[in-house]
Amino acid sequence: MPLPTAAAPVLPSPGPGPAVADVLAVLDDPAFAMAFGPGSQAEAGLLADLSEFGAIKFKGGARIHGRVDRLAVTDDSVLILDFKTNRPAPRSESEVPQLYLAQMALYRAGAARIFPKRRVVCGLVFTDGPRLLQLSDVVLDARNRADPDIRTLLQAASAQGRRSCTGIAPCPS
């Protein structure tokens with residue numbers, strides 16, 4: 001004897017309108033427009049040797065490598081964006097997890113080495129909302145100075161199963 005089946009209720013769909021509006025708001029935000037414009041890159045590799053991580057972090061410095069979600073380079077600036085899926089998204093920079101600040105601080109330091117004399121601006125795009133959040137140069141620079149061994153933070157994130165596309169290792173001799 002066949003089991004009775006119940007039809008799933010049909011719920012009204014808001015359609016693509018709200019989602020499209022959210023995406024367009026991100027793409028049209030003047031602070032980050034160049035990250036999605038002509039000449040920008042998605043999933044751009046970043047590799048840099050950082051001698052400033054010398055005695056505190058590694059003898060001879062450190063090599064960082066990562067993959068930034070969006071990269072745009074102009075004659076005078078570099079814009080780096082990384083997408084995050086936190087729900088709910090942080091409302092301010094003070095609520096951003098330390099792991100993300102460490103990751104973006106490393107990206108900023110690496111980009112400054114690769115693109116000297118250009119201002120490096122970093123931001124996070126949280127898919128919840130979506131919300132764009134520009135990170136302060138002061139906060140990112142202080143993040144690298146404050147942590148005598150940033151590897152510890154990145155390794156702890158890996159141990160917790162968090163995806164991190166940033167690696168840091170001793171510079172090759």
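This is a predicted model: local features need pLDDT of at least 70, side-chain atom pairs count only at pLDDT 80 or more; totals for chains, interfaces and linings use all residues.
On a 1 Å grid over the protein atoms alone, a cavity is defined as a set of points where a 1.4 Å probe fits but cannot get out, and its lining residues are those with an atom within 4 Å of a point. Grid points are joined across faces, edges and corners, and a volume is the space filled by probe spheres set on the points. Residues are numbered from 1 along each chain as its sequence is written, and side-chain values use heavy atoms, with hydrogens and water left out.

The chain contains five helices and six strands, where helices (H or I, at least four residues) and strands (E, at least two) are DSSP runs numbered from the N terminus. Read from the N terminus, the order of elements is α-β-α-β-β-α-β-β-α-α-β. Of the 173 residues, 40% count as buried; buried denotes under 20% relative accessible area, exposed over 50%, and partly exposed the range in between (1.4 Å probe, protein chains only). Among contacts in the chain with a separation of 6 or more, 69% are accounted for by residues 24 or more positions apart, a contact being heavy atoms within 4.5 Å.

The cavity search returned one cavity of 30 Å³ or more. The volume of the largest cavity is about 30 Å³, and its lining is formed by Gly45, Leu46, Val68, Leu71, Ile80, Ala111 and Phe115. Strand S1 (41-50) and strand S2 (62-73) are the elements that give two or more residues to this lining. By residue class, the lining of the largest cavity divides into six nonpolar, one polar and no charged; Ala, Val, Leu, Ile, Met, Phe, Trp, Tyr, Cys and Pro count as nonpolar, Asp, Glu, Lys and Arg as charged, and the others, Gly among them, as polar.

One of the lining residues, Leu46, lies in strand S1 and is buried, with a relative accessible area of 8%. Beyond its neighbours within four places in sequence, Leu46 contacts Ile64, His65, Gly66, Val68, Tyr107, Gly110, Ala111 and Ile114. The C-alpha atoms of Leu46 and His65 are 5.4 Å apart, although 19 residues separate the two in sequence.

Strand S3 (residues 77-84) includes Ser77, for which the relative accessible area is 16%, so that this residue is classed as buried. With residues up to four places away in sequence not counted, Ser77 touches Met34, Ala72, Arg118 and Arg119. Lys84 is also found in strand S3, and a relative accessible area of 8% places Lys84 among the buried residues. Lys84 lies over the face of Tyr100, at 4.3 Å from the ring centre; the criterion for a charge over a ring is that NZ of Lys or CZ of Arg is within 6 Å of the ring centre and within 35 degrees of the ring normal. Apart from neighbours within four places in sequence, Lys84 is in contact with Tyr100, Gln103, Leu124, Val125, Phe126 and Thr127. The C-alpha atoms of Lys84 and Pro130, 46 residues apart along the chain, are 9.8 Å from each other.

Thr127 occupies the loop between strand S4 (119-126) and strand S5 (131-135) and is partly exposed, at a relative accessible area of 36%. Its contacts, not counting residues up to four places away in sequence, are with Lys84, Thr85 and Arg87. A C-alpha separation of 9.4 Å is found between Thr127 and Pro88, which are 39 residues apart along the chain. Pro88 itself is placed in the loop between S3 and helix H3 (98-114).

Backbone geometry was also examined. Most residues other than glycine have a negative phi, and most peptide bonds are trans. The peptide bond from Arg87 to Pro88 is cis, with omega near -5°. Glu43, which is not a glycine, has a positive phi of about 50°; Glu43 belongs to strand S1 and counts as partly exposed at 41% relative accessibility. A positive phi, near 70°, is likewise found for Lys117, which is situated in the loop between H3 and S4 and is exposed, with a relative accessible area of 87%.

Conventions:
On a 1 Å grid over the protein atoms alone, a cavity is a set of points where a 1.4 Å probe fits but cannot get out, and a pocket is an open set with protein on both sides within 12 Å along at least five of seven lines; lining residues have an atom within 4 Å of a point.
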